[in-house]
Every structure is written in C-alpha cells, then in structure tokens.
Amino acid sequence: MPTKRKIILLLSPFYLFFTLFFFSAVLKSFVTSLGYYPIVGLKKIGLQYYGSAFHSATFLASCERTFLFALFSTAMACLVGLGLAFLFNGRKNNFTRIFFKIAQLPVMLPHIFIVLALLQLISQTGLIPSLLVHLGIMASINHFPLLVNDPLQIGIILTYLWKEIPFVIVSLVLVLRQMDDRYKIVAVNLGATKWQNFWHISLPLIQPALINAFIINFAFNFGSYEVPYLLGNQQRELLPVYIYDLYVQGDLTQLPLTMSLNLILSLFSILFAGLLLKIGRFLPGGHTGGSK
Amino acid sequence: MKKLTKLAIFLIFSCFVFLPLLVIVLLAVGKSWNYPQLLPQQINFGSYFKLLFTNHELLTSLTASISLALGTIVLTISIAYPTAIVLAYYQFRGKKLLNILVYLPLIIPGIALLTNVDFMMIKLGLDGSFLGVISIHTLFCLPYAIKLLVDNLALLHNRYEVVSRNLGASGWQTFFQITLPLSKNGLQGAVMMTYIVSMTQYLATLLVGDGKYLTLSVRMFPFTQAGKYKIAAVYGVTFMLVTLIPLYLIDAWMSHQERRVIKS
Amino acid sequence: MTYYLNNISQKKGGQQILKKVNLSINDNSIFAILGPSGSGKTSLLNILARIDHPTAGTFTGDNEQKPKGIMVFQDYRLFPHMTVFQNIVFGLKIKKIKKAEIRQRAERIMMTMEITELAKRYPDELSGGQQQRVALARALILNPSLLLMDEPFSSLDEGLRMEMLDFVKKLQQQFKLTVIFVTHYKTEAYLLSNQVAILINGQIMQIDTPRKLEQTPANLAVAKFLGQANFIQGSFQQQQFVSSIYTGDSDFRGTEPVKEAILYIPFVGSVQLATTAFPAFNGEIVGTTWIGDSERVTIAVGSEIIYLNLPVDSVQINTKKQFYFKRLPVVY
C-alpha cells in the first residue's frame, strides 16, 4: 500500500473522533457565541457577547485572579517537583526507587481524595487544630487560621500541590533516567562542578519536559471546577466556578455569553501555552532538548 | 550530614503523600470518630467489607466506574495506537499541526472544553449515553496515551518492521509479529494511564453522563460536600482498592517478566 | 613530563577489569593502547580522565601529583542543546574566563580545526567527521597536557579515517600534546604511534614498536589477537619444534617445555623464497588473490594450508616451491 494512503487510513480514527467531538463542539460554540441560537429565537449575528464579556468587571476580575492563582500554584508545584526529581532520580538505588513509587500514588487518585482528607485535617474542626490544642500549642481551635474556603485559596493550592508535585516528579525522573550520566561525565571531565553541571547540562536537557508539565498543570489549575467549588472562597470566586454556574443555571439566553467566555478562555490558554513553548525554545535546551 | 538532609526530605515527602491517604482509610474503617477526638474510638475492617459487598449504591458505583474505564480503554487505544504509529514512523505534511492537536484537550481549560462538548453531545443525542461518557473520557486520555505510545515506538523506530517486510512478511504479519510485541511496554503504559484518567474524571462524567453514571469519584463529591466524610471515605477506599492494587500487580508482573528476559 | 600508571587494578561487580597495569608514558608523544573489545581499554582511559577511581594503584606524573587527562569520547557526546561554539567554550566558560578571551581562544581553535563556519550549528546538524573535530576542539581549547581518545576513528569511513589520523598527528606536534588513545584496530595504532601497548583481559601483555609486535608477539594471546598469521599445531621435544610441515630449531617463547606447541607464521614478513639459513617447508601453490600491494598466496604443505602475503607475481599457481624463514621462527 502506498505510504500516503496508509497514513490517511491510520489517522482516520483520530480525525473522525476529533471532528465529531472536538472540532464540531468548538465550531458550534463559536456559532452560538456569535449570537446564533435559534432554539430561543436568537439569530442576530455579531460580536456583541464578546463585547459584553470584556466589559464585565466580574469576569475580568475573576480572570485576573484565576490567572495569578494558577500561575503561582503551578510554579510552586514545578519548583518543588524539580528539586525533588533531582534529589531522587537514581535508577539503581533502592531508596530512590521507593521514592518514585510513592510519587506515583497521588497521580493515580482523584482530586476529591485530597479534598476530603484536607477537610478532615485542616478545617477548623479538623485533626491538626485539635492536635495543636491537645499539645497545648494553641489555646483554642479558633486560633487556627482559616485554610479552607479562605480568601488566599490555600486549601486549593495544597490540593493542587499534592496532585501536581508528584506529577512533575514522575515526568522529570523518566527523562532524567533516560539521560543517565553520559553528558554529566563529559562535563565533569572538562572541569565542571556539581552546580555548574546542574545549571548548564541537566537543567537545559530537561527544560522541555518541565515546560510541558508546567503547561498541563497550568491549564488544569486555570480551568478545573471541582476543587475551587468545594474549597474556594465565595467572595473570591475562581473562573471555572463562575462559568459552570452560568452554564447550568438554565437560562438559555445566557448560553451565547457562556460560549463566548469559553472561547476567550480557550484562545487565551492556547496562546499562553504557545508563548511558554516559544520561551522554552529560546532558553538553553530549546534546541534538541530532552536527550534523544 | 548530606545523607541526613536527604533522608529528612524523603520522610517529609512521604508524610505529605501518605497522611491524607491514612486519614481516608481511618475514616472508612473507624467508628465514632468525632471532633475533638484525635483517633477513631474503634477500628472495624469488617464493617467496611460488609458495606462493600452489600451496599447496593456502592456496588453500582463500582460497576459504573469499571465499565466506563474499560470502554474508555478500548476506544482510546483503538484511536491512539494507529495515530502513534503514524507519528512515530512517518514524516508527512501536517505532522506538526497534528502534534499540537493531540495536546489541545489538555491545554484548553477543562471547564470550557466540557461545557462546549456537553453542548455538542446534547445536539448529537449522546447526552447521558455510555458512548457519550466514554467519548469525553477518551478526549482527556488521548494525549497521554498517544504520548506514551509514541515515545515507546520512536525508541525502536521502524527498523525491525523493515527487516520483517524484507524477509517476506506481509503488512499484517509484520504488525502482529513485530510491531505489536515490540510496543508491549508502551501499550501497557497507555492502558494504565487511560484507566487512571477515566477513573478519576468527575465533572466530565457528571455533565455528559447527565447524572446517570454515578462512579466512585462522582459519588464522593456530594458526600464530601454534605460533610458525610465517613461514607465518602468508604468510596475512596474502594477506589484505592480497584486502582492501586491492580496497577501495582501489573507493574510488578511486567518488571518480573523483564528481569526474566534479561536473565535468560 | 612522564606519566606513570602504578599497579592500577580495577574491580567492578566482582569482576577483575584491570590487573596491575604498569605503564610509563613519555610526554610529547602518541601512545596507543591496543586490545580486543572488553579488554578494559575504556576502563583504563576513564581512570586517566579521573572519571573513575581504580580499586588499587595510582596515576601520577613527574611534576604533577594528580594529572588529569581530557577525554574525547568515542560517541563524541557533544551537548545536544548547545551550538558548536557553546560546546567548544564550555570548559572555559565554567572557569569564569573573560568573554573576550573566550572568544579569541575559540576563534583560534576553530580556525585550527577548520570548523569556523560551523560555529552556530547544533550537533544534530553535523556529520560524523565534523562532530569529531568539534569534540577535539572542545578538549584542546583547555590546553590540556594529556589528551585521551577513546576509539577515535572507529565510526569514520575509510577516507576520513586517514585524513583524521594525519590531522591528529599534526595537532600533537603543534600543541606538544601527550596523546593516549585506545583502539581495537591495529593499523590505526601502528599508523599513529611508535609505542603500542597490548591490553588483553585487563593485563598489559606487551609494549613494543609495531614492527616488533608483529614479528615477535610476547605470547600466543597477543599473536592470536594481532591475527593475520598461520598457527601450526605441533609439539616441543628436546629443544626442537616438531610438526607435519616443519621440524627444527625455533625461537621458543613458551613458559616451559610442553607437549603441545604452536608455530607462529605471520602472513607478512616471516617467510620468503630467497634462501636463508632457516629452510621452512616445501609446498604447492594452490591459489593467489590480489590484495593491492601484494598477493595473498595459498600454499598446500602436506595436509596443512598456509597463507602468505608475497610480492605480486612472485609465484605461479600449481608450482612447487621451497620457502625459507627470514629468521628463527617463533614457537609458543
């Protein structure tokens, strides 16, 4: 069979699936967001919903808050994950093998797990405040800071860190193991110290994997609903909760607005991911990073 | 001294991972664990297992979770495998674009993608159907599955396929005798990851499933919200039983197999 | 300065990789370590590069307590994420040398290596020969007194190999380097170096000039490794070698008189037609193959077959000839 036909044949399941459930969904949202939604009699096509989105103070404030929140929590997860991955990446060492197995655990469990545990542990009637009172460190549980549904979103950040630090570790350790010591040995022979080795060799070589992990985690923290819904602060609502409420409230005439918000967010996320990839390309390790 | 710091970091990290899990297990098997008691007054594993085998809701959740996960695995692999073969073995126009497309479901914010797709599912009449739910799960599984398979296939490239064809094997024979056995590790990884991603989905299952597929992670949500931590934890422990144990066993079996190959 | 390897032994995972290696290597020279794969060559180089520590023994120099060789790796190992220029200046950059000086030294070395126009390229855009030049430049820019090369020419094709051989020779003279290189190709070792050490099973078997090595290998293992020779089974009795093709005096190099002995007749330079004091055997020419500068001649001596490289057209097929040893033949 000619290669071209073979490629088309092999790719057809993917394109069929994506056309049915992805492109069509995006297209339909796009049409709707332009104001064409005949079921409820909306037929005036235009950019009016995008206009009102950009004029909505609530939406913009929520956008900014969510963006900064996602940026901060993702950076924390990547930084800590990077450090731990470098500390424990040996393949032969039993100790680091156990570490890797432990790091895989949170990746396999849903977010609701850690939410449940956090509520039991650090809410004001939780175990940690009780323990502190028992030990006499704190006079009463009322002195324990509010960590869930708090204005600083600490509960959500803790949840995301629990899930994402291990995710970063797992993705980086796999790359580090593949790289083994080949380039490290050369650098040492040419006179590099441990720190120079990390900075000039190892870090650039895993930079692409780190950027990928950052993008995936950022998109999640920016756009996932369940954790902010359970642990978020009502006064400082995060974007996913805002959009979900708008979508399920049942007022069909609001749907074009919801869809325009969705598309704005999607476009923003794609552009942001593209920007991160561009930056990564520009930084050391951008060319042929991630050892072959 | 340096070793000691490393050990301390290791212990802190282990606590960070295990403490929440321990709390959930204690919640599930503990009795009368109320504020301000630090530990449950009674531990009873029996009551948990009794619940596991008799509670109708728990059992339907379990079946829903597993059947969705299995359906998602079949759909995901049948799409991801041919796509990965093309991405790993061939150069063609539009490859770069395809590489980006594959990752879009992970880059677009979940809430935006989910509401978009749910909206489309209603239109297609798949809202609340098995196919609809496994399709949305597949959308989130595909990036991981394709990545794992491509990495595995690219490692070997198609040099052995070329040998096989040169020795006279047909395309299908080459696929079954060479390509499939060589991608065993990649397929294993992709299946395991798909299983995990499908099992952990919450909003996708709820929204597209129209509330008809109350999986373990979906059911944990309202119980947690309502403060019924014990029953939520029972679902949580069940979740761990059906994910961690089988995945650990598969992993152990595979590495045992590998070691045997190396020894011989 | 002279470098000394004193009783270096290396053990890894219960396996003895190097056994009491003793060498002294003169400066401003090229020293070759020749041996089959798995003989411990790379382990030895790693010790000289201080990548690895020996389990016993030391590596010292005349006026340097702990000399360290700069290594050019067999697979070059250019950092894949750096351009040619960045690769070359790596060793200077980490020493925090001034930018202007780095630039100047880099330009000079790139000129010498004839790779100036490659400066902005990445390793995956280079050919094998270009990669090797970059790897050499990366090492030489540090002005090392000791340069180590691991199988430097094994992945180059024939023409390029000769070119690089000459180039390395030129570099050695220009930079007054001491070069230690390991290889499993004897021609490479002979072309590059006057002093060749044979390493087999982690032991230095012989250190000699190429000519001496070929004429009189120290033992059977060396002879077998060098190859290109006939090995005739026989016995050694009353100071005489006895076999079906030759019986008589010999240069016996076995440890003690044994029943089993082996006569060593290299294809080149051991046997000739012109008469000497050491008649060898009478045989029938059964075949000739042209191999460029000479002819590989197949000779039937009784039931044995002997191969020799003789001048082209010196013998006719299907004729019988008397052959003579050039000197007393070696027996192990």
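## Exercises on a predicted model

Just after helix α8 of chain A, A:Gly191 takes a positive phi of about 105°. Keep in mind that this is a predicted model.

**Exercise 1.** Find which residues of α8(A) are buried, and explain why they line one face of the helix.

*Solution.* Start with residues 182-189 of chain A, which form α8. A residue counts as buried if 20 or more other C-beta atoms lie within 10 Å of its own. In this helix A:Tyr183, A:Val186, A:Ala187 and A:Asn189 are buried. Next, look down the axis of α8(A): the buried residues fall within an arc of 165°, so they line one face of the helix. Finally, see what they pack against: α7 (154-179) and α9 (194-223) of chain A, together with β5 (70-72) of chain C.

**Exercise 2.** Describe the side of chain B that touches chain A: which helix gives the most, and how many residues are nonpolar, polar and charged?

*Solution.* Begin with the contacts: 54 residues of chain B are in contact with 61 residues of chain A. Several helices of chain B each supply at least two residues to this side, among them α3 (56-89) and α12 (229-263). The most comes from α1(B), with ten residues. Sorted by class, the side of chain B that touches chain A has 38 nonpolar, 14 polar and two charged residues.

**Exercise 3.** Work out how β19(C) pairs with β15 and with β16 of chain C.

*Solution.* First take β15 (residues 271-272), which pairs with β19 (residues 320-325) in the antiparallel sense over two bridges. Here C:Gln272 has C:Tyr324 as its bridge partner. Then take β16 (residues 278-290): this strand and β19(C) are also antiparallel, over six bridges. C:Asn282 is bridged to C:Gln322 in β19(C).

Technical notes: Residues numbered from 1 in each chain as written. Chains lettered and ligands numbered in written order. Predicted model: local features only at pLDDT ≥ 70, side-chain atom pairs only at ≥ 80, totals over all residues. Buried ≥ 20, exposed ≤ 12 C-beta atoms within 10 Å, placed from the backbone. Helix = DSSP H or I, 4+ residues; strand = E, 2+ residues; numbered from the N terminus. Arc of directions from axis to C-beta. Contact = placed C-beta atoms within 7 Å. Nonpolar A, V, L, I, M, F, W, Y, C, P; charged D, E, K, R; others polar. Pairing = 2+ DSSP bridges.
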